[in-house]
Amino acid sequence: MTTMQFIMLFIVAAVAGMGSVLDECQFHRPLVACTLVGLVLGDVTTGIILGGTLEMLALGWMNVGAAMAPDAALASVVSSILVIVGHQSIGAGIALAVPLAAAGQVLTIFVRTITVFFQHAADGFAAKGNCFAIEMCHVGGLLLQALRVALPAMAIAAVAGTDTVNSALASIPEVITRGLQVSGGFIVVVGYAMVINMMNAKSLMPYFFLGFLIAVFTNVNLIGFGAIGLICAFFHIKNLQRELESAAAGPVRSGNPVDDIDDSDLM
Amino acid sequence: MEKKLTKGDLINIFIRSNFLLGSFNFERMQSIGFCVSMIPALKKLYKGEELNQALKRHLEFFNTQPFLATPIMGIIAAMEEKRANGADISDQTISGVKVGLIGPLAGVGDPIFWGTLRPVLAALGAGIALTGSIIGPLIFFIAFNAIRLLTHWYGVMYGFEKGTELVDEVGGNRMRYLTEGASVLGLLVMGALVAKWTTVNMPLVMSSYVNSQGDQVVVTVQSILDSLMPGIVPLLMTFACMALLKKGVNPLVIIIGLFALGICGYAIGLFA
């Protein structure tokens with residue numbers, strides 16, 4: 001690896017680390033992070049394919065409320081370095097990604113805990129009206145998140161491709177890497193399950209089955225599903241509107257005997 | 001002289017809002033990020049002790065869906081502007097608006113952005129990426145960020161323009177329509193993805209015979225399943241995962257379990 005590649009890799013890893021806490025531009029998602037690592041290391045195609053594979057794995061990993069998801073940033077950056085530099089299989093990349101995601105999760109919990117220190121420092125600066133110092137507390141927390149991915153990535157990059165690492169990776173039996181690749185085809189169901197659970201809308205599940213059935217028995221593409229979904233959403237909202245309006249009108253009418261009769265007729 | 005926030009101040013808030021979660025911590029979460037986003041407005045409106053108080057006011061607990069924090073920033077900027085010009089708005093009123101909005105906005109934002117938009121775009125992008133095409137990551141990155149930036153921009157601008165009027169709107173029915181509509185769209189597409197964006201191949205041979213035309217016919221587990229209901233295996237797997245997640249099983253444990261299933265299945269020839 002050239003010095004230039006080391007520097008670029010450091011930047012990509014740092015941006016992915018920042019992305020993992022910011023959750024804005026999505027630089028920490030495998031699809032983006034692996035592609036960028038591939039770009040830096042001169043094998044963008046492998047980066048994209050690994051990114052697509054790991055994105056399926058990480059589809060449901062999201063930070064909702066105070067809950068912490070497994071860490072996609074460290075998993076994507078480090079496993080793509082090892083796969084690309086050491087010419088390993090995509091299966092080996094998947095095998096590496098899961099423990100790395102768990103390790104990254106521990107690291108980010110650690111950083112989010114020590115950032116409490118910046119929080120209290122900011123209180124002190126607020127009392128003095130020092131805006132710049134508060135901004136620096138903010139940047140400090142962000143930089144720690146950058147380093148918690150960039151430093152491990154640099155350490156791995158320094159040894160990636162050496163005989164020791166390659167023989168360690170090569171010692172993973174083929175049945176494991178092939179088996180992992182096979183699982184890669186359906187591992188995304190965990191993500192779908194997380195997303196469906198998060199929406200927590202049992203009454204809307206018929207729409208899920210409708211989508212499933214249309215997909216199974218027709219050749220509609222994803223754009224088509226988007227359009228069908230919008231039409232369903234339109235009718236659903238219309239229905240909901242009617243329901244809420246009649247519910248809102250309910251208590252007002254309750255004193256009126258005529259309307260009471262109407263209501264019972266509807267039952 | 002009346003103190004006014006300019007378009008430039010609002011643009012500054014919009015830019016800073018992109019870094020809301022930078023110093024996320026387990027004590028007050030997005031608190032410093034919110035304060036830093038409001039600093040352009042606070043500096044313009046207050047001096048001396050009043051500024052210290054304003055900074056302190058916005059370092060309290062804050063946590064919501066990051067894209068939908070922007071309407072709160074807009075509303076608070078409008079309230080602070082009125083307050084700086086002598087309107088009778090207490091600390092409690094401002095805190096009340098913030099605390100009152102973070103819950104409902106997270107309730108709307110989480111299913112829309114994390115539950116629908118990102119997984120759908122990511123699955124679309126990942127599907128294309130598996131063929132090695134750069135279009136995959138590009139579609140995901142560009143489409144997601146375009147929608148995100150528009151949300152941030154209109155969040156700040158609309159929030160500022162409407163001010164406290166918007167508080168009632170967030171509590172009203174329109175937000176519920178938006179959430180449920182997005183969930184309908186999300187679930188429908190998710191159902192399609194379960195069927196289309198998964199690969200399960202079970203070539204285990206059940207029987208093999210020569211038919212009346214003299215052709216060799218091989219019946220595998222997969223061909224039987226395909227004739228009954230294609231995609232039934234990933235569907236059942238999804239339901240199993242939902243049940244396990246509801247029991248509180250860590251998703252990484254489920255992922256490792258599915259990997260073990262894949263490896264064992266491959267070893268005995270059930271999967272390929």
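Me: How many residues does the contact take from chain A and from chain B?
Reply: The contact takes 97 residues from chain A and 96 from chain B, where two residues are in contact if their C-beta atoms, placed from the backbone, lie within 7 Å. This is a predicted model, where local features need pLDDT of at least 70, side-chain atom pairs count only at pLDDT 80 or more, and totals for chains, interfaces and linings use all residues. Residues are numbered from 1 along each chain as its sequence is written, while chains are lettered from A and ligands numbered from 1 in the order in which they are written.

Me: Which helix gives the most to chain A's side?
Reply: Helix H12(A), residues 222-253, with 13 residues. Helices here are DSSP runs (H or I, at least four residues), as are strands (E, at least two), numbered from the N terminus.

Me: And by class, what's on that side?
Reply: The side of chain A that touches chain B has 64 nonpolar, 24 polar and nine charged residues. Nonpolar covers Ala, Val, Leu, Ile, Met, Phe, Trp, Tyr, Cys and Pro; charged is Asp, Glu, Lys and Arg; the others, Gly among them, are polar.

Me: Where is confidence lowest in chain A?
Reply: In helix H13(A), residues 257-266, with a mean pLDDT of 43; pLDDT is the predictor's confidence in each residue, from 0 to 100. Over residues 253-267 of chain A the pLDDT is below 50, and that stretch has one contact in the model beyond near neighbours in sequence. Chain A as a whole averages 89.

Me: Switching to the core: which residues touch the most other members?
Reply: Val37(A), Val77(A) and Ile81(A), in the largest nonpolar core, which has 165 residues. Such a core is a set of buried Ala, Val, Leu, Ile, Met, Phe, Trp, Tyr and Cys residues joined through C-beta atoms within 7 Å.

How values were computed:
A residue is buried if 20 or more other C-beta atoms lie within 10 Å of its own, exposed if 12 or fewer, and partly exposed in between; C-beta atoms are placed from the backbone.
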